[in-house]
Amino acid sequence: MSYVDTFYKRTLQSGEGFARLDRDAECDVCVVGGGLAGLTTALELARRGRSVTLLEAQRIGWGASGRNGGFVSPGYANGRDAIVPVVGETAADELHRMSIEGMRIVADNIETLGLERARPQPGIIGALRTDGEAELHRTRDRLDRSFGYRTEVVSRPRLQELLLSPRYFQGLLDPNAFHIHPLEYALGLAREIERLGGSVREGSAVVETELESAEKRVHTGTGTIRARDVVFCGGGYTSGMLPALQRSFLPIATYVLLTREAPELIATAIRTRAAVGDNRRAGDYYRLVDDGRRLLWGGKITTRTSEPRALGKLLRQSMVSTYPQLAELKVELAWSGLMSYARHKMPQVGQWRPHVWYATAFGGHGLNTTAIGGRVVAEAITGETRRIEAFRPFGLDWTGGPLGMLAVQLTYWGLQASDWWRERKAA
Ligand SMILES: Cc1cc2nc3c(=O)[nH]c(=O)nc-3n(C[C@H](O)[C@H](O)[C@H](O)COP(=O)(O)OP(=O)(O)OC[C@H]3O[C@@H](n4cnc5c(N)ncnc54)[C@H](O)[C@@H]3O)c2cc1C
């Protein structure tokens with residue numbers, strides 16, 4: 001029961017662990033899964049005076065939540081173009097507003113809990129690999145008009161001062177978005193849950209549930225929790241949970257590499273502390289870490305977890321094709337993590353039956369969406385709001401099993417091909 005080797009594990013300052021469930025206990029709400037979805041749900045409930053027990057199979061933040069790129073920005077894994085046809089303009093706007101609230105929940109937690117170890121750094125740049133300044137102006141104006149959300153268009157000459165790559169045209173800087181050490185953030189939330197009287201239990205995999213009667217029972221190998229409500233938050237690692245949940249998500253692997261220390265070399269390529277993502281549909285994202293001494297670079301997806309070092313090589317190729325001057329930059333470490341994707345690529349946040357809830361399938365855009373997902377579940381359990389209904393159009397659809405996995409991999413390769421074609425035309 002230990003964390004996989006990542007930059008975040010290597011730079012962890014919070015040493016504490018949490019106890020295993022070793023006896024039977026009772027509480028208002030049992031939350032299953034100690035990623036950011038489960039942690040935010042439990043914290044929001046504890047803040048509303050509910051007694052909570054959170055059960056995590058491994059360690060807090062052991063899954064995607066402690067291994068990701070650390071980008072915290074508004075939006076969902078699926079874009080507005082795909083959301084509007086399902087729910088209409090007004091509901092899509094409301095969902096977007098909630099995604100901004102999710103980002104602010106993370107910022108507020110870091111501030112109010114004094115989580116300096118999460119090392120928040122402001123700014124994320126969306127860099128275009130095809131010419132598109134007019135479109136960026138339209139996006140900036142729409143965000144400002146619809147949400148009062150300010151972003152800045154970065155002209156090509158200015159962008160080329162920050163990112164010394166022949167691949168980029170213009171960019172959109174979001175100064176409200178930020179990037180963090182996500183594992184420290186997750187541990188900070190867990191500490192706060194316990195400070196408020198909740199129980200956080202690691203090494204406590206849920207192996208069986210009894211959900212039919214008014215008093216729900218959640219069993220690990222070493223104890224049983226009796227609770228009025230249960231919330232399932234297993235992400236891409238969901239196991240031993242509701243069959244309906246098991247069928248409704250695809251575990252998709254994605255990859256991150258960390259370079260060796262080379263501050264001077266890296267500064268020949270990247271001269272901003274803002275994080276960067278490109279506009280390809282199967283794009284890369286990266287940021288300076290370790291005070292500018294190393295580069296953390298993420299991208300690629302596969303439907304079966306491949307050897308991270310092999311995928312690290314592909315990521316490195318991508319890095320060098322973006323920045324040829326980094327050809328000598330060596331890779332120190334690469335790792336993978338599983339994301340949970342629904343067929344509709346939107347979060348699954350809702351109620352399965354009375355007092356049984358789920359918050360999962362946050363895909364590759366989970367840092368803000370787990371926060372708002374957790375908050376609306378807590379609001380629904382306490383009867384405070386029914387904002388959870390905003391996610392109702394995105395239910396627990398069957399993913400198609402192995403054929404669904406094949407379709408995802410083929411779609412991804414198709415996106416890569418269309419990215420290549422668009423860039424070739426623009427060159
Ligand atoms: C490599 C990578 C990079 C990413 N980069 C970004 C990014 O930069 N920005 C962004 O917004 N999103 C990013 N994401 C997505 C984001 O990390 C996820 O959407 C989010 O962390 C999901 O949180 P979660 O709590 O749903 O799942 P997880 O963090 O995976 O947590 C689920 C937990 O449930 C536990 N569990 C499962 N079954 C049981 C059981 N039976 N009993 C007890 N516990 C159980 C697991 O052990 C696990 O710890 C990235 C994801 C990956 C993998």
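Mentor: Start at His181, in the loop between β6 and α7 (182-195). Helices (H or I, at least four residues) and strands (E, at least two) are DSSP runs, numbered from the N terminus. The model is predicted, so local features need pLDDT of at least 70 and side-chain atom pairs pLDDT 80 or more, while totals for chains, interfaces and linings use all residues. Residues are numbered from 1 along each chain as its sequence is written, and side-chain values use heavy atoms, with hydrogens and water left out.

His181 has a relative accessible area of 2%, so it counts as buried (under 20%; exposed is over 50%, partly exposed in between; 1.4 Å probe, protein chains only). A polar atom of the His181 side chain lies 3.3 Å from the backbone oxygen of Tyr8. That is a polar contact: N or O atoms within 3.5 Å, where within protein one must be able to donate a hydrogen and the other to accept it, and residues adjacent in sequence count only if both atoms are side-chain atoms. Beyond the neighbours within four places in sequence, His181 is in contact with Tyr8, Thr11, Leu12, Arg117, Ala118 and Arg119. Contact here means heavy atoms within 4.5 Å.

Now step back to β6 itself. This strand covers residues 171-179. Seven of its nine residues are buried, so β6 is largely enclosed by the rest of the structure.

Take its partners in turn. Strands pair if DSSP finds at least two bridges between them. β4 (residues 121-127) pairs with β6 in the antiparallel sense, over six bridges. There, Gln121 has His179 as its bridge partner. β5 (residues 152-154) is also antiparallel to β6, with three bridges.

Phe71 is among the five that come nearest, with Glu56, Ser65, Ser239 and Gly363, out of 39 residues around the ligand (near: a heavy atom within 4 Å). A backbone N or O atom of Val206 is 2.9 Å from a ligand nitrogen. Gly366 has a polar backbone atom 3.0 Å from a ligand oxygen. The protein buries 97% of the 1000 Å² that the ligand exposes when taken alone (Shrake-Rupley method, 1.4 Å probe; for residues, only the protein chains shown count as cover).
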